[in-house]
Amino acid sequence: MKKEDVRSSTIDVPTKCTLSQTLDIIGGKWRLPIIWELSARESMRYNELKRHMNGITNIMLTRALRGLEENGLVTRKEHSQIPPCVEYSLTESSKRLLPALKYINEWGINSLLNSDSEN
């Protein structure tokens with residue numbers, strides 16, 4: 001059997017593991033905090049979300065929301081009115097992330113409490 005034949009008969013395995021692929025979608029400084037903030041409400045307007053995200057710039061918020069929308073984690077709804085109104089909400093796909101985010105949040109709280117008690 002030639003070397004080419006062996007390669008073509010093997011199962012195509014993704015070059016990235018699923019964790020890396022997941023982090024490509026939800027990673028970055030702002031994506032998880034945006035999902036976390038949106039999880040507290042049914043939907044939020046852009047400026048309302050920006051007020052809750054301390055330190056984020058308009059450019060970063062827009063980029064993060066677009067990325068989340070492109071990956072099916074956030075829906076964007078435009079209302080035909082003046083001034084323009086855009087609302088963002090979580091999709092069912094991103095809602096499935098919430099139990100993991102709650103666990104990470106609890107871990108963070110415990111980690112902070114433990115580091116405070118050690119000092």
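**From a surface patch to the fold**

Tyr103, Ile104 and Trp107 make a nonpolar surface patch of about 420 Å². Patches are made of residues with over 30% relative accessible area and no salt bridge, nonpolar side chains (Val, Leu, Ile, Met, Phe, Trp, Tyr) being joined within 5 Å and like charges within 9 Å. A salt bridge here is a side-chain nitrogen of Lys or Arg within 4 Å of a carboxyl oxygen of Asp or Glu. Areas come from the Shrake-Rupley method with a 1.4 Å probe, and for residues only the protein chains shown count as cover.

This is a predicted model, in which local features need pLDDT of at least 70 and side-chain atom pairs count only at pLDDT 80 or more, while totals for chains, interfaces and linings use all residues. Residues are numbered from 1 along each chain as its sequence is written, and side-chain values use heavy atoms, leaving out hydrogens and water.

Tyrosine 103 sits in helix H7 (residues 98-118). Helices (H or I, at least four residues) and strands (E, at least two) are DSSP runs, numbered from the N terminus. The chain has seven helices and three strands, in the pattern α-α-α-β-α-α-β-β-α-α.

The three strands form an open sheet in the order S1-S3-S2, with antiparallel pairing; strands pair if DSSP finds at least two bridges between them. Strands S1 (44-45) and S2 (74-79) are the edges, each pairing on one side only. Six bridges join S2 to S3 (residues 85-90), and lysine 77 has glutamate 87 in S3 as its bridge partner.
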